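Open the model in your viewer and keep a selection tool at hand. The stops below can be followed in order.

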Amino acid sequence: MERFVQLVVDGVAIGSVYGALALALVLIFRSTGIVNFAQGEMAMFSTFIAWALVESGQPLGLALLAALALSFVGGMLVERLVIRPVEGEDQLTILIVTLGLFILVNSGAGWIWGFENRAFPRALPGGSADVAGVRLSWESLGILAVLLVVVGLLFLLFQRTKLGLAMRAVAANPASSRLVGISVGRTLMIGWGLAALIGAVAGVLVAPLLFLDVNLMGGVLVYSFAAATLGGFDSPKGAVIGGWIIGVAETLAGSYIGFIGSDLTILVPLVIILGVLLVRPTGLYGSPEVVRA
Amino acid sequence: MSLLEVEGLEAGYGPVTVVRDVSFSVDEGKVVTILGANGAGKTTTLRALSGVARASGSVRFDGREISGRSPEAIVRRGIAHVPEGRGNFASLTVEENLRLGAYVRKDGKAAREDMERCFEHFPRLRERREQAAGNLSGGEQQMLAIARGLMLRPRLLLLDEPSHGLSPLITREVFKILETIAREEGTTLLVVEQNANLVLRFADHAYVLETGRVVLDGSAEEIGNDEGVRRSYLGMV
């Protein structure tokens, strides 16, 4: 029983990482209808920035904050310079642009920082806590706490601020948003910046668990796609809950289903994506596409 | 000097020009309507005024040239546009839609008072203030769209087919409210409408648009009595 609870908590922790990146995907999809395949690579790049700052002698906390801030700016620049020129083009064009961005960012990181594995410093405490007789790692609890803080701040942003209202307005009806005086371009830039920042959070959370290299987020992206698909691609709540379900399913399947072990866990998200698309394409919390005649 | 003076307006989308050499003016505190068949360029004219369609020629609002300005800049001058199809934010609540109408205003407190005033004009919206706009009935959605426009406390309110898709009963209700807004609050209205009968009853002045050109203008009464207009737009012989 203790092992089961530990696995679930670890699953929720890793699922929080998936949820964070899924949240970034969902934010962009909701406001622009674009699935940003480069989201994971942008997060990897952010993580490298944090690592490089630490290597250059900056304290870890400062390095992380600086990396998040730079990610925000980077995300805005990506929207302005890469996405805006193809805005309104067909889905395939945009898909290829985001795939191109994936390759660009991936190779760029390798060109700057090399392709070898790096150890990423731990920001969260090691060891474990004793919760009701079950030993849970501080790291897992810390990751979960970070995600909850991110979600809380996002909720406040979207529900309580004028900027958040404008962002939701642009997602709901860009044409009308312009008519009430919202600068749609600026709002979309901020949305991409925000998504890049949240992706960076996912990157620096997962990097200490794995090794940092240019393919850090490749696997995470697959799990995050599963989380976003399961939760409903336009639902932030769905992204987070989907992330947890995927994370728990992954750790439990890895431990209890013999042939999956630690090598075939990638099957879990793929099966879930397939299952969701077959049974309930809108996911748990997604809104069905409504076309009014 | 009129509040809005349009001279030689040419407007369209991309390479397509829909409106050619249109001139008209709207006096402060008046209700002006643009009549015309489908495709005459009524909607494009309004869209050019609010900056969402390509426009050239002269559009002077309160003495200042606004032609070619961005929609954001034009809204700030005090022109609210209630577009064809209402343009509500379907997934947002009624109250959030109204707050967005006042997006560019700096006077938060006065805007909140204006929301109360909107609810007095449209009591049904008050009942539904926490509901998603997409769940409202057609009439309520049109009321919400007009209320959103009023939330700017506009100097000029552009209305595109306020009767579209509404039952005759609801249409009359909506027009009664518009009349109140125009007469009691002195809001200047520029209304594009297929239902000429209805709009000529409370407009001060009317222009008739045909294939992108103004072919007739006069007081609402004159236009309402014009043989050609009666035959073409009022369904009377």
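Start in chain A with helix 2 and helix 8, whose crossing is right-handed. This is a predicted model. Select residues 39-55 for helix 2 of chain A and residues 184-206 for helix 8 of chain A; the two axes come within 8 Å and cross at roughly 65°. To see the contact itself, show side chains on both helices. Helix 2 of chain A brings A:Gln39, A:Met42, A:Ala43, A:Met44, A:Ser46, A:Thr47 and A:Ala50. From helix 8 of chain A come A:Ala195, A:Ala196, A:Gly199, A:Ala200, A:Ala202, A:Gly203 and A:Val204. Colour this contact of helix 2 with helix 8 of chain A by residue class: nine residues are nonpolar, five are polar and none is charged.

Next, stay in chain A and select residues 236-256, which are helix 10, together with residues 267-279, which are helix 11. Their axes lie 9 Å apart, and the helices pack at an angle of about 130°. Helix 10 and helix 11 of chain A are therefore oblique to each other. Which residues meet here, between helix 10 and helix 11 of chain A? On helix 10 of chain A they are A:Ile246, A:Ala249, A:Glu250 and A:Ala253, and on helix 11 of chain A they are A:Val268, A:Pro269 and A:Ile272. By class, the contact of helix 10 with helix 11 of chain A has six nonpolar residues, one charged residue and no polar ones.

Now display both chains. At the interface, 14 residues of chain A are in contact with 19 residues of chain B. On the chain A side, select 162-172 (helix 6) and 174-179 (helix 7); each supplies at least two residues. Helix 6 of chain A gives the most to this side, with five residues. The chain A side that touches chain B divides into eight nonpolar, four polar and two charged residues.

Finally, hide chain A and turn to the sheet of chain B. Four strands form an open, antiparallel sheet in the order 2-1-4-5. Its edge strands are strand 2 (16-26) and strand 5 (64-65) of chain B, each pairing on one side only. Select residues 4-13 for strand 1 of chain B, which pairs with strand 2 of chain B in the antiparallel sense over seven bridges. For one pairing, pick B:Glu5: its bridge partner in strand 2 of chain B is B:Ser25.

Technical notes
Residues numbered from 1 in each chain as written. Chains lettered and ligands numbered in written order. Predicted model: local features only at pLDDT ≥ 70, side-chain atom pairs only at ≥ 80, totals over all residues. Axes fitted to C-alpha atoms, helices over the stretch in contact; angles between N-to-C directions. Left-handed = near helix turned anticlockwise from the far one by under 90°. Contact = placed C-beta atoms within 7 Å. Nonpolar A, V, L, I, M, F, W, Y, C, P; charged D, E, K, R; others polar. Pairing = 2+ DSSP bridges. Parallel < 35°, antiparallel > 145°, perpendicular 65-115°, else oblique.
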